[in-house]
Amino acid sequence: MTVRRTLLSTVLAVLAVASTACGGKSREKALGAAEPALAPSGGPAAAGTVRLVGAEAEGIVYDPRTKLVAVAVRKPTRLLLLDPTTLAIRRTVPLPGTVRHLQLARLGGPVLVPCESADSLVEVSLPGGATRTTKVGRSPHDAGAAADRIVVGDELGSTLTIVRNGVVERIARDVKQPGGVVGTGSRVAVVDVGAFTVSSYDVTTGTRTSVAPAGAGPTHGVLTRDDRIAVTDTRGNALLLFGLDPLKQVTRFALPGAPYGIAADEASNVVWVTLTGRNEVVGLDLSGPAPREIARYPTVGQPDTVAVAPGGRTLWITGTRAGEVQRITR
């Protein structure tokens with residue numbers, strides 16, 4: 001009996017650890033933060049062109065003003081600034097910790113780089129690569145800009161850290177496990193991956209103004225052209241659309257394959273979603289009353305993040321498994 005209890009305790013401890021990180025690679029079947037699926041091996045060749053860039057490439061964003069693609073890699077941890085056409089490395093920026101997601105504060109930069117293992121937000125200027133580092137909460141997973149502030153979702157700290165000009169202005173403590181952060185005007189929408197909700201916060205006061213349920217396992221979101229929030233329900237295999245005034249779900253679109261990475265193109269009103277369980281990326285037109293699939297491409301292995309150019313003619317996808325970046329021209 002003692003041996004069985006010890007074994008059971010060990011198994012439960014391992015499962016608890018496995019369920020904590022939003023960006024982990026195992027299939028999470030128990031309730032808790034949803035995970036990107038462990039992508040299958042083999043399958044069709046990736047569309048477009050592919051370049052090896054560095055170990056565990058994850059987190060990617062394109063800046064049309066400086067015409068640079070930023071991607072985070074590991075071993076060692078650094079941010080790479082790539083030529084958007086050739087994928088050649090133009091500049092390397094050392095980072096203090098591991099990264100999973102990137103955003104732009106605005107066109108022209110800086111790139112917002114939440115370093116999970118260093119509990120830090122690094123702002124990287126474009127095109128030069130100068131950095132400013134701010135200590136934030138535990139395990140910052142994503143960061144978004146709103147007004148003149150940056151809101152950092154401290155996933156394992158159960159906090160939102162609001163940063164202004166490189167200084168922590170205030171901390172919100174009414175979140176369980178913040179994942180994706182989406183800035184719009186003077187507020188942010190925060191995907192709480194532990195509570196399965198989306199919440200709206202006023203960044204000037206740090207107060208939560210509304211909250212709505214968000215499926216079976218939401219992870220990340222983007223702002224669409226019509227001022228809605230598109231959220232990947234990774235465990236629920238769906239894309240969810242939320243109106244902001246008031247905050248509520250208005251549409252659910254079934255999307256099998258563990259949707260996880262997401263990027264929005266305001267010019268075409270299309271969102272691009274990676275299906276980590278299928279090694280695919282899907283384009284969904286949001287201009288009609290319901291999302292409409294317009295394109296689907298095979299990707300590199302473990303396509304955890306995606307970026308898109310204005311007009312939606314070029315996509316960049318990270319292949320986390322092999323440390324690759326894929327470029328697709330439509």
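1. β11 and β12 form a hairpin with four residues between them, and S158 in that turn has a positive phi of about 55°. Strands here are DSSP runs of E with at least two residues, numbered from the N terminus. The model is predicted: local features need pLDDT of at least 70, side-chain atom pairs count only at pLDDT 80 or more, and totals for chains, interfaces and linings use all residues. Residues are numbered from 1 along each chain as its sequence is written, and side-chain values use heavy atoms, with hydrogens and water left out.

2. Strand β11 (residues 149–154) runs antiparallel to β12, and five bridges join them; two strands count as paired if DSSP finds at least two bridges between them. Within this pairing, G153 stands opposite L160 in β12.

3. On to the next hairpin. β12 and β13 have two residues between them, with N165 in the turn at a positive phi of about 55°. The pairing of β12 with strand β13 (residues 167–172) is antiparallel over five bridges, and I162 faces R170 of β13 as its opposite residue.

4. These strands belong to an open sheet of four, in the order β10-β11-β12-β13, with antiparallel pairing. β10 (140–146) and β13 stand at the edges with a single partner strand each, so one side of each has no neighbour in the sheet. On average, neighbouring strands of this sheet are turned by 25° against each other, direction ignored; the axes are lines fitted to C-alpha atoms, and angles run from 0 to 180 degrees between N-to-C directions.

5. Strand β12 (residues 159–164) is mostly covered, with five of its six residues buried. Buried means under 20% relative accessible area, exposed over 50%, and partly exposed in between, using a 1.4 Å probe and protein chains only.

6. Two aromatic pairs are present in the structure. W272 and Y297 form a stacked one, at 6.5 Å centre to centre and 25° between the planes. The criterion takes rings of Phe, Tyr and Trp (its six-membered ring) with centres within 6.5 Å; planes under 30 degrees apart are stacked, over 60 edge-to-face, and the rest tilted.

7. W272 lies in strand β23 (residues 270–275) and Y297 in strand β25 (residues 292–298), so this pair ties together parts 25 residues apart in sequence. W272 counts as buried because its relative accessibility is 0%.
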